Amino acid sequence: ADIISTVEFNHTGELLATGDKGGRVVIFQREQESKNQPHRRGEYNVYSTFQSHEPEFDYLKSLEIEEKINKIRWLPQQNAAYFLLSTNDKTVKLWKVSERDKRPEGYNLKDEDGRLRDPSMITMLRVPVLRPMDLMVEATPRRVFANAHTYHINSISVNSDYETYMSADDLRINLWNFEITNQSFNIVDIKPANMEELTEVITAAEFHPHHCNTFVYSSSKGTIRLCDMRTSALCDRHAKFFEEPEDPSNRSFFSEIISSISDVKFSHSGRYIMTRDYLTVKVWDLNMENRPIETYQVHDYLRSKLCSLYENDCIFDKFECVWNGSDSVIMTGSYNNFFRMFDRNTKRDVTLEASRENSKPRAILKPRKVCVGGKRRKDEISVDSLDFSKKILHTAWHPSENIIAVAATNNLYIFQDKVN
Amino acid sequence: MFVRGLKRKCFDGEEDIEGTLAGIKAIPSYNLQRQSLLDMSLVKLQLCHMLVEPNLCRSVLIANTVRQIQEEMTQDGTWQMINTQSTGQASLDRLVSTDILCRSSREQAEGKHVPGYSTFNKDFEGDQAQDSSETMSTASSVQAPRNLQSNVWEMENPQENKGNFQKSLDQIFETLDNKSPNSVEDLFSEVDNSYYDLDTMLTGMMSNTKMGHCDGLETFSSPTTTTSNSNCKSDLNELDHIVEILVES
């Protein structure tokens, strides 16, 4: 199994897609709850597996283009088939996933094996009928959106009009129509005329969940810009600019690096945005630009270790963050296979671990605690014992239920609320 | 994976210019920490994966950090390199050695400005490509002892494990020395050339300067001119040659 690089539920929560470093997409489907055991929730089983992207070689630059899937985004379901977008660093693809459970039998010109029959031997005609067959799930690439990004794609986002979507790389954001693959509109371009003046890159972008003209993008300097596509074709001037003033007491050489936003997500309501930087998760009200309304410390005990984390490059890890269906709880990952949840209403938070060694299937997860001081209590883990190679960067929350998917390197964990 | 050991003092906004003299202590002074951070950042910028494009966000963040340090050092008036001499044993989590050679009095008087680092050194990259992961770990542990005499930097390394890193660091500094003082912007002039504008690519115009990654490959081909004046045809021939080699390998 390869390292999982993205996790995403579809709009109903029936399907869960994962993308990995090897360019594969694996889709899980939730089993229908059986009537015999109404209390046993549906489990997720593998539904389809396909190779989405292959490694490529850019001959002009003599560089490899990785097949790693950076993001998967589902389209809302409009017919029996499922559609999703998957992207690597350079190319976005639209995949159609459909089921086939019947096949025609009784051809006149060929027999059951497919061999052609001798026409002279045919004495009567019959009408082929559809007979049930074993369920087969096929994935076919329906569109390939290529050659529009010079830099690495970090985000894709489907617009609420379901006709367009955007793809964002380090310096540019392009708007696509699903039907048109040889053209895209450039809507944001922050590339300076002189590359030597480059000091800021785009780190994530997302469309507003309801307003199809509005989107946000975050930067490596910890700022978020909200843009309105109605104002002009090129949205280089933002409609709103979100930035929190720097805390002078916490200033260090690493201040800018840890302020770089790794993920930005609209709430389901569309009223808030959540951003993740290296040490915190912040919730912003769209109507207030000068500071976030909530700030949650994910792993503040790392603040004194920033130099080491810079040394081993961990400081550049890009963690994602997610909302639950009702926007009341937010979740993000950390190190040592820990992930954190924050309840916005009760202000309570919990640290959980995704690990086979430390929890059995169907057992309730035990809250974990990292000890910072000298005295380490039993069951606590000290900061220096944390395993920084076990990072949880990608998580997903079911759109309506309390089911979460957590990617821990090359393992996928699915957790559910305990049923009484 | 996380390195245990000495707890380092966190970088903070303290100004401690006198720290260098008082720095002959167990705890590295602010200036020394800053210097080692600068060195580490420079090394990080130079080491990139051979085949895959480096992460632009990471490069920008590191470059900004370097710029910030440079600015602060310029303001301080301490824009000079501190001599260090490595101890025999260099553990992974120590960025700085405990012994510090004081700066030469001449430099102090001149307030000499160390030239900023400039474009990638070709040989260095070629060497580093193979064992970038290893050298990353050694990078933090080894401080190349430098003896600043006028403008010549000599390697004075009594250590047993020279390794690629020492040689490369030496090469960086030699390059630094030869070029005129320049800011970190130069770094991106190289980066720029390796990222083609979609427009320029489509119009068939190849960028003038050579790309760092291609340099290694160019040694395979016949020594055609790889300067800005190489015509399209020779470029194509080279390209064919490169493709041939890649396909065969």
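Mentor: Two rings of Phe, Tyr or Trp, the last taken by its six-membered ring, count as an aromatic pair if their centres lie within 6.5 Å; planes under 30 degrees apart are called stacked, those over 60 edge-to-face and the rest tilted. By this rule there are 20 aromatic pairs over all chains. One of these joins A:Tyr335 and A:Phe388, with 4.7 Å from centre to centre and 45° between the planes, a tilted arrangement. A:Tyr335 sits in the loop between strand S24 (329-333) and strand S25 (338-343) of chain A, and A:Phe388 in the loop between strand S28 (380-382) and strand S29 (394-397) of that chain, so the pair ties together parts that are 53 residues apart in sequence. Both A:Tyr335 and A:Phe388 are buried.

A second pair involves S25(A) itself. A:Phe339 and A:Phe415 are stacked, at 5.6 Å centre to centre and 25° between the planes. Because A:Phe339 belongs to S25 and A:Phe415 to strand S31 (residues 411-416) of chain A, this contact ties together parts that are 76 residues apart in sequence. Burial here is judged by a cut-off, under 20% relative accessible area. A:Phe339 is buried at 0%, and A:Phe415 is buried at 16%. All of this describes a predicted model.

S24(A) is mostly covered, as five of its five residues are buried. In a regular strand the side chains alternate between the two faces of the sheet. For S24(A), both faces are covered: A:Val329, A:Met331 and A:Gly333 are buried on one side, and A:Ile330 and A:Thr332 are buried on the other.

With S25(A), the antiparallel pairing of S24(A) runs over five bridges, where A:Met331 stands opposite A:Met341. The hairpin of S24(A) and S25(A) has four residues between the strands, and its turn includes A:Asn336, with a positive phi of about 60°.

Other strands of chain A can be set beside this part. Strand S8 (residues 82-87) and strand S9 (residues 92-105) of chain A pair in the antiparallel sense over six bridges and form a hairpin with four residues between them. A:Leu84 has A:Trp95 in S9(A) as its bridge partner. S9(A) is also joined, by 13 bridges and in the antiparallel sense, to strand S10 (residues 129-145) of chain A, with A:Ser98 opposite A:Glu138.

A:Ser267 is placed in the loop between S19 and S20 of chain A and is buried, with a relative accessible area of 1%. A polar atom of the A:Ser267 side chain lies 3.4 Å from the backbone nitrogen of A:Arg271.

A:Phe145, A:Tyr165, A:Trp176 and A:Phe178 form one aromatic cluster. A:Lys110 lies over the face of A:Tyr107, 4.6 Å from the ring centre. Between the chains, B:Lys44 lies over the face of A:Tyr310 at 5.2 Å from the ring centre.

Helix H3 (residues 56-76) of chain B has 21 residues and spans 30 Å from its first C-alpha to its last, close to the 30 Å expected. H3(B) is largely enclosed by the rest of the structure because 18 of its 21 residues are buried. At its start, a side-chain oxygen of B:Asn55 comes to within 3.1 Å of the backbone nitrogen of B:Cys57. B:Gly77, with a positive phi near 80°, follows H3(B).

Notes
Residues numbered from 1 in each chain as written. Chains lettered and ligands numbered in written order. Predicted model: local features only at pLDDT ≥ 70, side-chain atom pairs only at ≥ 80, totals over all residues. Heavy atoms only, no water. Helix = DSSP H or I, 4+ residues; strand = E, 2+ residues; numbered from the N terminus. Expected span 1.5 Å × (residues − 1). Buried < 20%, exposed > 50% of the residue type's maximum accessible area, 1.4 Å probe, protein only. Polar contact = N/O pair within 3.5 Å; in protein donor to acceptor, adjacent residues only side chain to side chain. Lys NZ or Arg CZ within 6 Å of the ring centre and 35° of its normal. Pairing = 2+ DSSP bridges.
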